[in-house]
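User: I would like to learn how to read a protein model. Please go through some features one at a time.

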Amino acid sequence: MEPESGTSSRNPSQLSWVNLSRNLVLAYQSFGVVYGDLSTSPLYVYKSTFIGKLQNHQNEEAIFGAFSLIFWTLTLVPLLKYVFILLSADDNGEGGTFALYSLLCRHARFSLLPNQQAADEELSAYKYGPSTQAVGSSPLKRFLEKHKRLRTALLLVVLFGACMVIGDGVLTPAISVLSSVSGLQVTENKLTDGEVLLLACVILVGLFALQHFGTHRVAFIFAPVVIIWLLSIFCIGLYNTIRWNPKIVRAFSPLFIIKFFRETGKEGWISLGGILLSITGTEAMFADLGHFAAFSIRLAFAFVVYPCLVVQYMGQAAFLSKNIPSISSSFYDSIPDTVFWPVFIIATLAAIVGSQAVITATFSIIKQCHALGCFPRVKVVHTSRHIYGQIYIPEINWILMILTLAITIGFRDTTLIGNAYGLACVTVMFITTCLMTLVIVFVWQKSVLIAALFLLFFGFIEGVYLTAAFMKVPQGGWVPIVLSCIFMGIMYVWHYGTCKKYNFDLHNKVSLKWLLGLGPSLGIVRVPGIGLIYSELATGVPAIFSHFVTNLPAFHNVLVFVCVKSVPVPYVSPEERFLIGRVCPRPYRMYRCIVRYGYKDIQRDDGDFENLLVQSIAEFIQMEAEEPQFSSSESSSIDGRMAVISTRTIQSSSTLMATEQEGLGVSNSFQSSKSLSLPGLLSAYDDENPQIRRRRVRFQLPPNPGMDASVREELIDLIQAKEAGVAYIMGHSYVKARRSSSFLKKIVIDMGYSFLRKNCRGPAVALNIPHISLIEVGMIYYV
């Protein structure tokens, strides 16, 4: 899929009526997805700032200084850094830390994915951005590429940021929902703390229980909630400013920040952990860029969200300056009595919307970690046919729910949860700043001086907030650190074990010399059918093949080595997904198919993979015969050049004619010795499992008198093999550490990695392989 934000973010000047109306619709939609979290911050910012170390400084001067800090923080970080700078650093229209990392991997070769090929660099999405030639000789670039430890450190930083986002997915629902329902404690019939906690838990359980319905309608349904909420807090803020203390407008001057720190000293610096909560949710503007045009996000923030938040914080400060005792429940106390209940209801709904968006973002982050080979296989459900990227992960959803309920029940206090929440958010922002600095140098090709100025300016602001947030570690700040360490441990163990397993496969590949020595029959009986041998290797023949050949006396007439792999781009278009090549000379009937996915692609199985594969191989056979460079030498025909086979080419070509059938059908265009038992089994299996019924397609060769006889013979063999049936062959691997390994390595591999492999989804399930056609070959990997 080509993300629709690409053209808008690069050509905002093309403001025709169509373009403008499209951006206005996207801006409207963005309220429901992007701004729910950021817009609910006024519920708890002032309380978190003044409850604690600043209890001795609860006066008008300190409140004016706090508002000045909030105003300048909102202006410099969300408005200047994110809206004006970061939204321009997209990767094919995608945003977030993984997009920045992906850009760096392509422009400076920082990637640690083991099975990358030169052919991946020919992808259209790979070439996004400026040419890399200008920085080809950069000493800094060569230094970073040379040292693998530095590239590993960069990946760890990105994963740590991802873990903090997962922490946000736990903390945002807890603080947002608990803050909104706490408004019931300022009414005449006050609820007790226990009753408020119970109500918050009920709402949270309902929120997570509804996730499986998907969020594909969240943009249109939830956008009015957030817009009404923003307009409400704007009007309340304006009312409070005029009624209580119009002099608050003087606090726009940064001089009040100096006065604030002069009066409060170290306590004021520690209180920055509360001020920080005013910009939580900012990262969503960049992370959700793929669903909305950059121009539409800028439009929504600059003209609606930013002014509404500033006026609300100003009005709340004006109210508090004359009502100091109301600090513990500042937002709800500042609401006029006549509109309390409508505002309370919309606040609760807005909190749910904000939580919903963060939970969805957490699912996306985990999907991207898996694409990097850093997270165990989990079930990914694509919840929308229209909004690409809306996914649901059941296991993660219930883990998040349990953790969120544990934190809500354990802390029962928005101030303590706020300490944890602030630390998680500012850590992600700081990591984004560091990655953006590298993007300025390596992708935008600006001078190191400009990058250093960016890092010093925004790094200093976020560094100050980060140090203040770390001071709150004993008071709840330890939660995101502990959660991040747990998830980082899982990611490291999985990545380490996966790399070791891949290296074992790489060093134990079957020798082509040995394979060629067996002859076209491979020294065994070749039976009718196609054998798809799955492996993580993008080149060479995996050890599982020799293991199979030496233990079983028969193999299929047509063999295809299939490798499903991720590449460092957000999306791979269907036209570029398949790479087809030949493994041995033509009489062997052995091919290779590499299926490529981006880090945001969803591997969906529509039951058409087998048919596409057969058509792709047929197209490759025809292309090889017509283009002499594919078979110009003997070496290239053994295990050499691969071709991108476009699905558009397949649909418009006449290599094979495909006809769809309702029934299985046993009559064939070509006589073969296949048994009818497999079709009978498949038919029974389909009857029992109607939900996964696959398309049955028969292929025929069109009349083409000019076709080479050897090509015609190979195509006929391919069609006969497809008619006989397709079998999927996979390794059922057991990974163990060598006896000579260190004690730590044995714990990581034999306990950690083995536990994760046993408790995650099997590769056959993850790849949507039909169980009836699966053959698993057991192998022990000593790594």
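Predicted model: local features only at pLDDT ≥ 70, side-chain atom pairs only at ≥ 80, totals over all residues.

User: What is the mean pLDDT of the protein?

Analyst: The mean pLDDT is 83, and 86% of the residues reach 70 or more.

User: At what angle do helix 5 and helix 15 pack?

Analyst: Two packed helices are described by the angle and the distance between their axes. Helix 5 (residues 60–85) and helix 15 (residues 294–322) pack at about 170°, with axes 9 Å apart. An angle over 145 degrees counts as roughly antiparallel, so helix 5 is roughly antiparallel to helix 15. Residues in the contact include F64, F67 and F71 of helix 5 and F301, Y306 and Y313 of helix 15. By kind, the contact residues are 18 nonpolar, two polar and three charged.

User: What span should helix 2 have?

Analyst: At 1.5 Å a residue, the 17 residues of helix 2 (residues 17–33) should span 24 Å. The end C-alpha atoms are 25 Å apart, which agrees. Among the buried residues of helix 2 are L26, A27 and F31.

User: Where is I772?

Analyst: I772 is in the loop between helix 30 (763–766) and strand 11 (774–782). I772 counts as partly exposed because its relative accessibility is 30%. The C-alpha atoms of I772 and A727 are separated by 8.8 Å, and the two residues are 45 residues apart along the chain.

Technical notes. Residues numbered from 1 in each chain as written. Heavy atoms only, no water. Axes fitted to C-alpha atoms, helices over the stretch in contact; angles between N-to-C directions. Helix = DSSP H or I, 4+ residues; strand = E, 2+ residues; numbered from the N terminus. Parallel < 35°, antiparallel > 145°, perpendicular 65-115°, else oblique. Contact = heavy atoms within 4.5 Å. Nonpolar A, V, L, I, M, F, W, Y, C, P; charged D, E, K, R; others polar. Buried < 20%, exposed > 50% of the residue type's maximum accessible area, 1.4 Å probe, protein only. Expected span 1.5 Å × (residues − 1). pLDDT = per-residue confidence, 0-100.
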